[in-house]
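The sequence and model come before the details.

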Protein chains: 4
Amino acid sequence: MFDTIHEECGVFGIYTRERSDVASSTYFALYALQHRGQESCGIAVNDRGVITCRKDVGLVPEVFHKDTLTQLGQGTMAIGHCRYSTTGSSSPINAQPLVVRHCKGPLALAHNGNLVNAQELRQQLELNGAIFHTTNDSEVISYIITRERLLSPSIEEAVAKAMYTIKGAYSLVIMSPQKLMAVRDPHGFRPLCIGRLPDDGGYVFASESCALDTLGVEFVRDVEPGEIVIADENGLRSIRTHCGGPSSICVFEYVYFARPDSVIEGVSVHEARQRAGRLLYRENPQEADVVIGVPDSGLDAALGYAKESGIPYGVGFIKNRYIGRTFIQPTQGQREDAVRIKLNVIKETVQGKRVVMVDDSIVRGTTCARIVRLLREAGAKEVHFAVTCPPFINPCYFGTDIDSREHLIACRMSIPEIAKQIDVDSLTYLSVEGVRSIAKGAHCGFCTGCFTGEYPVEVPDEMPKSKFEHKIEKKPR
Amino acid sequence: MFDTIHEECGVFGIYTRERSDVASSTYFALYALQHRGQESCGIAVNDRGVITCRKDVGLVPEVFHKDTLTQLGQGTMAIGHCRYSTTGSSSPINAQPLVVRHCKGPLALAHNGNLVNAQELRQQLELNGAIFHTTNDSEVISYIITRERLLSPSIEEAVAKAMYTIKGAYSLVIMSPQKLMAVRDPHGFRPLCIGRLPDDGGYVFASESCALDTLGVEFVRDVEPGEIVIADENGLRSIRTHCGGPSSICVFEYVYFARPDSVIEGVSVHEARQRAGRLLYRENPQEADVVIGVPDSGLDAALGYAKESGIPYGVGFIKNRYIGRTFIQPTQGQREDAVRIKLNVIKETVQGKRVVMVDDSIVRGTTCARIVRLLREAGAKEVHFAVTCPPFINPCYFGTDIDSREHLIACRMSIPEIAKQIDVDSLTYLSVEGVRSIAKGAHCGFCTGCFTGEYPVEVPDEMPKSKFEHKIEKKPR
Amino acid sequence: MFDTIHEECGVFGIYTRERSDVASSTYFALYALQHRGQESCGIAVNDRGVITCRKDVGLVPEVFHKDTLTQLGQGTMAIGHCRYSTTGSSSPINAQPLVVRHCKGPLALAHNGNLVNAQELRQQLELNGAIFHTTNDSEVISYIITRERLLSPSIEEAVAKAMYTIKGAYSLVIMSPQKLMAVRDPHGFRPLCIGRLPDDGGYVFASESCALDTLGVEFVRDVEPGEIVIADENGLRSIRTHCGGPSSICVFEYVYFARPDSVIEGVSVHEARQRAGRLLYRENPQEADVVIGVPDSGLDAALGYAKESGIPYGVGFIKNRYIGRTFIQPTQGQREDAVRIKLNVIKETVQGKRVVMVDDSIVRGTTCARIVRLLREAGAKEVHFAVTCPPFINPCYFGTDIDSREHLIACRMSIPEIAKQIDVDSLTYLSVEGVRSIAKGAHCGFCTGCFTGEYPVEVPDEMPKSKFEHKIEKKPR
Amino acid sequence: MFDTIHEECGVFGIYTRERSDVASSTYFALYALQHRGQESCGIAVNDRGVITCRKDVGLVPEVFHKDTLTQLGQGTMAIGHCRYSTTGSSSPINAQPLVVRHCKGPLALAHNGNLVNAQELRQQLELNGAIFHTTNDSEVISYIITRERLLSPSIEEAVAKAMYTIKGAYSLVIMSPQKLMAVRDPHGFRPLCIGRLPDDGGYVFASESCALDTLGVEFVRDVEPGEIVIADENGLRSIRTHCGGPSSICVFEYVYFARPDSVIEGVSVHEARQRAGRLLYRENPQEADVVIGVPDSGLDAALGYAKESGIPYGVGFIKNRYIGRTFIQPTQGQREDAVRIKLNVIKETVQGKRVVMVDDSIVRGTTCARIVRLLREAGAKEVHFAVTCPPFINPCYFGTDIDSREHLIACRMSIPEIAKQIDVDSLTYLSVEGVRSIAKGAHCGFCTGCFTGEYPVEVPDEMPKSKFEHKIEKKPR
């Protein structure tokens, strides 16, 4: 809502032994994953090999109604997707799942992540006569899988071969007439986990474990980086050809993207955020009268900060729960101001006090400046701003919208300058070492490229992928 | 969302010296009051005596779009209303503000509360030839004011006279061609406050102060019980004929209805809730490992409980922020369950622990039983349920939907029976004395009729008002 | 679609012996009456005395969907209404049926027509404490009936007494808990007829007989001017207290308003229009090569003209059947032109020919000027315009929107001047005598006030009713 | 609306020299072509090489609103499409124009017709790694053009080469970054014409000339069978490599599909239909008292029949103009009947008379049986049914939905049997010779395959294309 970083997608898949209401289960799961993408969503149902898909621009409750779910009908498999888009345009063409027909029948695919060599692959494919309907990586991936499928005995082997070609971040669910697959790139940039249906003997795959909890589905384990997991009539099996390399899950999943009730790579997101708060205090102990969090994602860390420091935890802000996408922004000339409408200070908490305010990140710095002003107006004596990650100074190539340096305040200013700009008495960021240790005990390594500029895979020289992608959507050669 | 008590309405009014975008200001204010009523809403704008109204079933962002706000246009006054309705039917006829034309021109009126003698007045009016379009008290009030207006030199004197006739709970904003009025019943059952526009010299009236904060409007004071406040070209003035009696604001405004960032009768709602938590512990100290609140309204009290007891405060639940009115409920046959979809436990917080769970009330007891089950599934060793008010055992006649004993679990069971039914290790309610002291320092007394059966005004012998009202809507003589 | 006169309403009622799907029957009937009003529509269903109503701005298919019809449910009675409004504003408040509750229970009412003393009655009522929600005559009528009902033993007697007070044009259907009534003013300005359900023993009332045909319902007879027809468990009966005076149905019902397949007062509308064409030729024989009609209402008369004259009938225009209310009008700057988009000439019919073009009326003269231009562009050698009624030079007080002289071209120009203005070689209007004889054989007399200024009842001195009404809607005292 | 044959599509394109509101012009043109397809529609705008597209399921006024047109914005080129679909499912995926990106940039394409070798081409392409998003021929055509484009110096040469591969019926508009093209298959199965913008020096292409009239655009000529017409900054030019063979426009375009005000291959559709009526009488003179047409497409022929026979022409039916796609069909149990709701007899026209009823075709025979019953109920003494084409006994492979013999009554019954089944006193079809001469003077030959089984191009052995296509959409290999 405020100027934050956005994740691009959430994916889900379900395989049941008996024909059942898989569309509804996917609907409920997408609700649980809605925080990962609010621009468009879709569900594709597989009923005895026939795939029916419904997708559009909008939130889950906007795209799906009772009758649309009924039309999707029953089946033994379904996949779902929700998507955030960096462009304001509301084009339904880029909604997923992507459903295509290739030489061996229909294929449905949902993707979370970002390829680093998508442009290169597109050009190769175009020179071989390919046509593209979308600007999604999903379409590139579908082509690569299709090309391999011509020569492979099975869809899973085609996928395994395709993984030698596609590079970057991808957590995929893929549905063929008979099989449901979950695929995670060898670095495991984005999360993906497996659940087991209590009675049916079926399985689900989801970006986050909170989707499993929503369905009352038992958590089995994470899909391993590089692993292909196949669910079909024979149960669950894996292809691990691409497993075993160094892994690097996006640390920002813990800091901000994931829901606090999810557990990723063995670590509770809520716990990781509390730990981030604790570390912030340990790295930079600050005297104060109250610790508050900026809702919603700063709250857990504020609690950790309070526990570590012994400073009382307080409720500093109330967020209006009804402000949504259709909210009409106040214009310049109006008395009202968007931040004030969305967020209100509880004066009693901060008045006359030295306040530590905890939040997950600073992107442009405009919103947090206005939040600080609200605190000052409410009578806060001092405002100390503690941020649960290091400054963003590099673009992300792996599926978020930190796509350019120009909007990042930390690229233009030093920390003292930022503190002055947003009018805080002190500003502390968590160190890179600190952020690396918030998910201590995780089964994998971390990508911290946006902080350090060191990326686990080679990235394009030119400009960030997602930025470039939108350009080509608009400009023909 | 869960089986809780509902408030019936929120009201707002704005008077500006210069013609301005009063429709937009009302729109933003209704957003801040949306928690008081989600069934329907409306805005009436007064432009040089011409009143234009737009109202319908739906949330603020569903009823109002950029073009509808533009159509309402500019003006010097506007009033707004949001309404909760106890019936499932979505009839736009009962939406407010009510705009009528009487002998002296148009009149717009928005009402929060419930009259105890509405039936009696309706019958009297009908015997004099009145016809009713709605089942709202607003229409009864309009008739009574109109009848007095025939003999009164001004609208405010007509209102003052009408107050001798209408009995019960009412916080009103009334707009005539030249004047905006705020009226609060002599007991002050529902809140209503006054704000001053920073530059314009104009005024606003609102059910809660959070609407003032949203607009950046300075809080002046509460409207006194029994007071009529008039804003017109001469500024602000009052009629206090009905002031001075014993007052009795609904204590449940502090417990649950109001937004925590509002200040009512001088007391912060957030503070009152924290105090409720503290008192709960003081009245019944419970040993435990963690204190958690049920979102959203149990969180403040849980924090108070934790502070008073020294038991660590934890985040026990994550509430899905995207589940709204259009959410398709899972059916009986489905694997999924509505509570689980809306609320997820953070296992790390409760696993292996003795948990104190704090919430604002128990109505039917069905939802809290399922929430307790979630905690047990997540491995809580003990669950102690602390409720921030006494048991509901009497109907409310003053504008909430506690309209009948049949659904109230506390009317059918003893506290130990309820504890058993919802499967908690202990169950404690705040005492009546306790709930009376949560808003200590408030400028007025309290109504605790739903707990004690002692009402500040005489109530009908027969069945509760709101229940009866719906009957008459359906059954002709 | 083009600048024509508009009827204000269509009404319908159904009474069945057995509980049945009366909402659907009303829905289909409103489709048949949709030409009488496209601004808003509504249906009120009576199920064992409980009246449920649904109404809104929009066409029948826009307001009613499968689920809205289902919600209205089954019943033994229903009434329906469709309405044309002269104002552009789309306020649902004036939609009908009007459903109110008075001293003896609920009452639903749908009205076609216009009272001449509505203002006077409103003022009287207001001075007695009445409040008005709408600017409809229906609300005035409801008050008058309610006032009489206080002293009358039955609703039908109250209606009979009310008819001494209300003056002007009204065709009403009224639904009380036990009875359905059809009421026509003593002059019978607007049509209203009775049908008998084939099997059930029930009855329907409708503005036009085409609604009966749509339902497969047998036509019984017209409601007589001044008659009250009551359908209840005892079958059908009448109150004829107000019958027997001189009648005066609006002749424009035959010329333009009614559907050609309706039969009104014993005369087929289609036949009346053909006769109008025949009379036009007889009064002013014109030599020509082809006779064409302007779709849709000029076609029948053109056929009559052709038959009478022996000049071949041709299809001169094709009207685009898809242009509806949501059509985006081309702006001034655009190449396109609204008339051209809606209407296209069949060049082969008119090229090089002397053309007689027949239409029902000229109001402002702007549209017909553009239609004539289309004919000239298509190569018509001569264009002779024959109009099936006399020039409009007076306002109508009885339910159409000829509300002021200022827009009527015939008030500003002589016939030769109009001919020159719209660029036709000749222009002939049907004579007043002629128009009076198009429905020869009808059971009643005619109102031709808009042509002659002689009205069957006394009309207000001041400005036309409908115009005035919109003023008061906007301007308070 | 009744059980008739459906055309599959209408196409439109516009090229302007100056940047202008091409989206609006296309919007108005699609209104004129709406009769050719009501299932979905779309517009793609080209602004300096950037193509923006909007398409969805629904009629033109449902898909396009003021804001959607504004979003499409200005440009120098646009293409539009409206589509009829034989399946009930409302999948937006098959809406056109198709916009893809290939090796040389973006390409937009709109198609009317049907390829006979689409399946074969799809399979070839799939074996080369192609993936398909839709079941449209447009996607096949795009691939073929793309494949040729890799080796061709220009898009128009790629199109010319592709025409050696694609076989069957196609009228295309194709938009590249710099060029707008109109392409018609060598047989010219579907119409396509060229217009010149009055002032701008630009051009338009449209399925029918009525779209040109709507825009006030001058008709230039038809695109020749086999011709590629290119509009770009150098004006208009042609590639005629595929011209000159025998042509065979679908004769049913004259009988039913096209709008009567269109002129196709030099012949007015209205005139052709009148001639069909004349020929019907000449082939089978029938004594009668009145000739009536079934609205809308039977009216012109009825007029021709009347003129030829000297029997008076009458208006037999009134069609309800408000019944649209969202009309709720009466269910079996209801009193009402869909045909009666849509069509009403003018009793005065037919009562006691021998009636000749003219319509364009008989498909299943169910609707016309009910229409005949309406006439009998209205008192027609005799009903003679004259049909303006021969019996359908063969599937169509070229873009209509006569896709299977099973639903065609003429495949199951002899003419006397059909006459008995639909209860007419006589039944006459126009002869094959007759139908071939209705468009006498046309610049091309005719396809009458649906009557004779003799097709101008080789057709697949197996089942009809369109039928098969829907199968594959649902069934994977």
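## Interface of chains A and B

In chain A, 58 residues are in contact (heavy atoms within 4.5 Å) with 58 residues of chain B. The model is predicted: local features need pLDDT of at least 70, side-chain atom pairs count only at pLDDT 80 or more, and totals for chains, interfaces and linings use all residues. Residues are numbered from 1 along each chain as its sequence is written, chains are lettered from A and ligands numbered from 1 in the order in which they are written, and side-chain values use heavy atoms, with hydrogens and water left out.

About 4700 Å² is buried between chain A and chain B, 59% of it from carbon and sulfur atoms; buried area is the accessible area (1.4 Å probe) that two parts lose on being put together, summed over both. On the chain A side, A:Tyr322, A:Ile328 and A:Arg335 lose the most area to chain B, together 16% of what that side buries.

One salt bridge is counted between chain A and chain B, where the term requires a side-chain nitrogen of Lys or Arg within 4 Å of a carboxyl oxygen of Asp or Glu. A:Asp296 forms a salt bridge with B:Arg321, with the closest N and O atoms 4.0 Å apart. Helix H1 (residues 22–33) of chain A gives six residues, the largest share of the side of chain A that touches chain B; helices (H or I, at least four residues) and strands (E, at least two) are DSSP runs, numbered from the N terminus.

## Interface of chains D and A

Here 31 residues of chain D are in contact with 30 residues of chain A. The buried area between chain D and chain A is about 2800 Å², with 58% from carbon and sulfur atoms. The salt bridge count between these chains is two. D:Arg101 forms a salt bridge with A:Glu126, the closest N and O atoms being 3.4 Å apart.

## Sheet in chain D

Four strands of chain D form an open sheet in the order S17-S20-S21-S22, with parallel pairing; strands pair if DSSP finds at least two bridges between them. Strand S17 (290–293) and strand S22 (426–429) are the edge strands, each pairing on one side only. The twist averages 20° from one strand to the next.

Strand S20 (residues 354–359) and strand S21 (residues 382–387) of chain D run parallel and are joined by six bridges. D:Asp359 has D:Val387 in S21(D) as its bridge partner.

Technical notes: Axes are lines fitted to C-alpha atoms, for helices over the stretch in contact, and angles run from 0 to 180 degrees between N-to-C directions.
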